[in-house]
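The sequence and structure are shown below.

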Amino acid sequence: MLISALLAALVGAALLGAAALKVADRTGTAVAAETYGLRGRAARWAWLPLAGLEAALAAGLLAGPPAAAWPAAAVLAVFAAVQAGAIAAGRAGAPCGCFGARGHVSWASVMRTALLASAAALLALRLASASAAAPPPLVPALAALALAAAIVLRARRPRGALEVEGEGPPLGTRLERGGDGVRLVLFVADGCRLCRALIPYARRHGGAVLDEVADAAAWSAANVPGAPFAVALAADGTVLAKGTVNTRGQLASVVKAAQARREQSEHSERSSRRGFLTTASAAVAALTAGRMVGALVAPGDADAFHFCGHIYTTDGCPHPTGLPRIDSHGYPLRAQDGKPVDDLGRLIDATGAPTDDAGAPLLDPDGRPQPPATRTRVCTAAGKRYGISVRTDGAWYRCCNGHVRKLMDCCTTSSRRINGDRALRGYCYAKRHVFCVMFFQTKVPC
């Protein structure tokens with residue numbers, strides 16, 4: 001009975017944790033759905049049937065294992081086969097959607113899912129035998145809830161907002177006047193699910209909500225790169241904090257950062273003997289307080305493609321064409337059109353041979369086709385270049401031009417940071433630090 005209880009708790013916890021993370025990170029699940037060939041609306045709503053199926057199987061296992069063990073084993077075996085199929089199709093390294101935004105398709109993920117399927121099958125076989133008794137439902141249920149909670153907590157998102165120098169209104173400049181204290185402004189777009197979840201929270205805290213179309217002039221004046229984006233203002237309209245926000249906690253962090261910077265500004269004014277901190281002091285204070293949470297760095301080629309480097313991580317990862325755009329597997333793409341490039345920055349065809357913009361083979365001075373070069377994942381190439389161990393971790397989402405853009409961190413256990421500053425924690429998993437950042441443009445509508 002003890003073994004049966006442990007098996008039920010293990011499989012139930014995995015299914016329950018996976019379901020909870022799909023509900024909590026529906027955008028991440030939609031992005032991962034592209035790995036398996038889903039596009040558009042089908043990808044956006046994939047979280048609903050998947051989370052419902054996993055939750056139902058978990059509930060069946062924890063309420064009474066005999067009826068649900070075989071279905072759970074069958075579903076998990078299908079999940080393992082689908083991941084193996086994605087690898088066979090050349091999608092190794094793409095998001096798998098297994099446990100939130102952090103998972104990637106690999107033989108390790110296939111093995112993990114296969115082991116869970118085997119555990120469910122073993123449970124079914126044990127319960128089918130006359131000598132094994134079903135465990136009391138309360139025992140595996142409590143254990144599964146504890147394990148599922150651990151899974152969810154381990155895959156939690158960053159708490160702070162994504163604050164970018166070069167995106168949004170510069171710190172210290174002025175927008176329209178705020179009210180007393182710190183005023184919140186939330187920039188949203190039509191059809192943006194992340195925005196809809198944040199609007200009630202922003203309004204409940206007295207914030208203004210500006211739509212991309214109805215308030216286009218305000219968007220342009222504030223240089224907003226995409227939705228959802230939040231700005232916190234001082235009483236005189238001075239910009240104290242800003243950033244991309246995906247959750248209520250991240251939205252609240254913008255206000256908290258603004259309050260901290262306002263207090264820093266007031267303290268600087270009081271402590272100044274000469275009183276030289278006039279209206280412009282807000283800008284200086286904002287930058288000074290910004291050092292408390294991370295070094296302010298230039299985001300690189302932050303042109304019309306709105307790449308997102310930010311002060312909580314670092315600058316963009318080294319990329320053959322400058323702006324670190326990647327495909328779903330982490331390989332380099334040219335930012336302006338998403339075409340694949342090799343490690344030399346040359347456009348390539350399906351075979352890896354270099355081509356010109358028209359798709360014709362590149363020729364050497366003797367008229368012969370140039371040989372292909374290597375093509376390395378951007379994060380991996382960064383690790384090799386700087387001699388550190390790296391891994392792609394973490395994810396942020398932004399609604400850009402009607403589609404979800406996924407912002408990805410290249411993380412390391414090293415304390416080194418690409419721009420020379422101290423690497424920061426809290427945005428990577430397993431105590432790794434952010435080394436540099438990349439972005440992936442999805443086809444998931446927002």
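The torsion about the S-S bond of Cys317 and Cys436 is about 95°, so this disulfide is right-handed; a disulfide is here a pair of cysteine sulfur atoms within 2.5 Å. The two cysteines belong to distant parts of the chain, 119 residues apart. Cys317 is found in the loop between α11 (281-293) and β5 (325-326), whereas Cys436 is part of strand β11 (residues 433-445). Helices (H or I, at least four residues) and strands (E, at least two) are DSSP runs, numbered from the N terminus.

The model is a predicted one, in which local features need pLDDT of at least 70 and side-chain atom pairs count only at pLDDT 80 or more, while totals for chains, interfaces and linings use all residues. Residues are numbered from 1 along each chain as its sequence is written, and side-chain values use heavy atoms, with hydrogens and water left out.

The structure holds two disulfides. The second pair is Cys379 and Cys410, and with a torsion of about 80° about its S-S bond this disulfide is right-handed. Cys379 lies in helix α12 (residues 378-386) and Cys410 in strand β10 (residues 403-412), so the bond ties together parts that are 31 residues apart in sequence. The table gives the sulfur separations.

| Disulfide | S to S distance |
|---|---|
| Cys317 to Cys436 | 2.1 Å |
| Cys379 to Cys410 | 2.0 Å |

Burial is judged by relative accessible area: buried means under 20%, exposed over 50%, and partly exposed in between (1.4 Å probe, protein chains only). In the second, Cys379 is buried with a value of 5%, and Cys410 is buried with a value of 0%.

Another element to consider is helix α2 (residues 26-33), where seven of the eight residues are buried, so the helix is largely enclosed by the rest of the structure. The buried residues of α2 are Thr27, Gly28, Thr29, Ala30, Val31, Ala32 and Ala33.

For the protein as a whole, there are twelve helices and eleven strands. Of its 446 residues, 50% count as buried. Among contacts (heavy atoms within 4.5 Å) between residues at least 6 apart in sequence, 66% join residues at least 24 apart. The protein exposes about 20,000 Å², of which carbon and sulfur atoms supply 59%; accessible areas come from the Shrake-Rupley method with a 1.4 Å probe, and for residues only the protein chains shown count as cover.
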